[in-house]
2 protein chains.
Amino acid sequence: MAVRRLAILGTGLIGASVGLAAKRAGDTHVTGYDPDGEMLATAVERGAVDEAAPSLEAALAGAELAVVAAPVAQLTAQVAAALQAAPEACTVTDVGSTKESVCAAAAGSPRFIGGHPVCGSEARGAEHASANLFEGATWFLAPLPETDPERYRLVHGFVSSLGATPVAVDPRAHDRLVSLTSHLPHALANLLVNQAGATRVDGHEPLAAAGGSLRDMTRVAGANPRIWVDIFLDNAEELRAALADHRRRVEQLESALDAGDAGFLARWIAEAAGNRRRMLEQEFTEPGELQRLRVHIPDRPGVLAGITQALGAERINIEDFELRHFSPERGGVLTMLVTGEGEARRAGDLLEAQGYGVVIAPVMG
Amino acid sequence: MAVRRLAILGTGLIGASVGLAAKRAGDTHVTGYDPDGEMLATAVERGAVDEAAPSLEAALAGAELAVVAAPVAQLTAQVAAALQAAPEACTVTDVGSTKESVCAAAAGSPRFIGGHPVCGSEARGAEHASANLFEGATWFLAPLPETDPERYRLVHGFVSSLGATPVAVDPRAHDRLVSLTSHLPHALANLLVNQAGATRVDGHEPLAAAGGSLRDMTRVAGANPRIWVDIFLDNAEELRAALADHRRRVEQLESALDAGDAGFLARWIAEAAGNRRRMLEQEFTEPGELQRLRVHIPDRPGVLAGITQALGAERINIEDFELRHFSPERGGVLTMLVTGEGEARRAGDLLEAQGYGVVIAPVMG
């Protein structure tokens, strides 16, 4: 479902990427407006916007679809302004990370469908925009009871045409869902890295002694404060509930440790293993069959190509592939997941024939 | 410093890997003992042990160095038994994940040096042993005040010969350090995945909607309960202190959210960004220069080889490289880190010339 005339209100990273992706997908004319004139100029330069509009109203004139891509703190005001200024035929959507407040602000309008592309880029600004940002991403859509079904179909088709997978969700459920899948993990990453960073142990710095678990668990720590302060505040109620539940679970663990309760710990770990398996089932058809190969490799160009070429030539399908750089002196560790013990053995033999040492182990233990 | 006669007490994954690595490093004769006769037989089969001993005493006869590789819960008893049974000339070390209790059990002996290789393999048993397990790994050594310096040098040289980097640490400081770098992250991973797994949101399963942050933060969830129950209990005191500190930090965040305190959140995120940068400085010489490239690729063999080959041919040095499998239908996302904007642009142009869409952004924001 091609949108012929698209208005983008806010031409930062997401807005400009919507423009680029829409123009790649179809014969779309894009008008753009951004209170930051430089940002708007960059979006035009990048080819994300055909026509820089001098005002919200000008951008909306003749548009079939308006995408509000303002910061979370300005979303409700911008969506209300867009609904007021847009012609009756124009459908309005947004791309904010929270949905309850913005949907409430638009309540009663059959022309609004809240949206949230889950694309997790850490960059900002039109200069980092890309037509590929939404490929393979989930794009939550939160229609209201009042939403016109035709308009919902328009937005559904539009986000699909950008390469994303639309998933319908109630606005409040959305915010609760992302409080668990995104906001709580981000908060814990910040809490963990700050606790490790605030501690010195007998001259040793925990951050300098970080192993794989601490590194993995703090990858999203310190993410862009100009985005995340707003998200945390806008979803404060759901996040507080998630944090309170988390705190109760921490206390439970502390009690079990205090009591030396091995049975509790064993059940708790087994529950975590089961939950992790359920999560992996979304990604892999047979998580129980997954095998992990670990290979220590020197830090020099060409090594990676040699390995992937050898595996590719033997048609070994790699599910996950990760190279962690240790240091130029110590080299790095390559971790690969393949399905099935036989396939793992085959990959291992191949790499050992190339002179690498390989450690193979089942993922699910 | 080659050890000519090595005794391994406990021939599971770590013990058998020590045997394999020692035999590869030098002309070492390895005797092994394990109360589990099958495990011992497997270690002999794998070539990790030259001589299966019928008892602890028999394994220790004539040994220069004894490596106690028993489960954490049995460590203190096994180390005490080894010190008693070993000839005077024999130095004793262990490979347990906690150090205070085992060092206390050996207190007064000039012949004991506690050890902990940080190699994070999820596998168990001699069948998964590998001579490469310790390559590039940190190996903590916790000498006692009474430790004979000659013996410390022996163990230091031995673990270096296995490919590991020895790091000296006080036993108590070690346990505090790993409570922050490993045990707290593992605990939070379990807590987080169990909280997400226990919640249903309006028909949606948070685990099924997991984004990158939740997936990264629960990678170590559900790790082997037969190992981790013992570790959590043995280091319960330090872990409880870390959890209590964590809980205080969670409460602080809840208060800030309750008060709508944007200033607190901004400072807290900035602190996390600084701490993350300090952590990355251990791995990368110029973390501020790191650029992230994201490429959406189809799920089929050969794609990875094509990409790494093209980058290798242009001598682009990839610092980190990660392929996350989404699904056979939707393909996956490849994430690469390179140093410098120019290098990132060069890599991006190369991939775009191959028909891939690339999103480039600085890592540190």
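Where chains A and B touch, the contact takes 120 residues from chain A and 121 residues from chain B. Keep in mind as you look around that this is a predicted model. On the chain A side of this contact, the largest share comes from helix α7 (residues 171–197) of chain A, which gives 19 residues. Sorted by class, the side of chain A that touches chain B holds 60 nonpolar, 36 polar and 24 charged residues.

How are the two chains related? Chain A is superposed on chain B by a rotation of 180° with 0.0 Å of shift along its axis, and the RMSD is 0.0 Å. That is the relation of a two-fold axis. Both copies use the same surface, and 100% of the contact residues of chain A recur in chain B.

Now let us turn to chain A by itself.

| Domain of chain A | Residues |
|---|---|
| Domain 1 | 5–169 |
| Domain 2 | 174–253 |
| Domain 3 | 287–362 |

Taken over C-alpha atoms, the centres of domain 1 and domain 2 of chain A are separated by 30 Å. These two domains also touch: 14 residues of domain 1 of chain A are in contact with 10 residues of domain 2 of chain A. Which elements of domain 1 of chain A give two or more residues to this side? They are α5 (100–105) and β7 (138–143) of chain A. By class, the side of domain 1 of chain A that touches domain 2 of chain A has six nonpolar, four polar and four charged residues.

How do strands in a sheet hold on to one another? Strands of a sheet pair through backbone hydrogen bonds, either parallel or antiparallel. In chain B, strand β2 (residues 29–33) pairs with β3(B) in the parallel sense, over two bridges. Along this pair, Gly32(B) stands opposite Ala52(B) in β3(B).

Technical notes
Residues numbered from 1 in each chain as written. Chains lettered and ligands numbered in written order. Predicted model: local features only at pLDDT ≥ 70, side-chain atom pairs only at ≥ 80, totals over all residues. Contact = placed C-beta atoms within 7 Å. Helix = DSSP H or I, 4+ residues; strand = E, 2+ residues; numbered from the N terminus. Nonpolar A, V, L, I, M, F, W, Y, C, P; charged D, E, K, R; others polar. Domains from an automatic or database assignment. Pairing = 2+ DSSP bridges. Least-squares fit on C-alpha atoms with pLDDT ≥ 70 in both.
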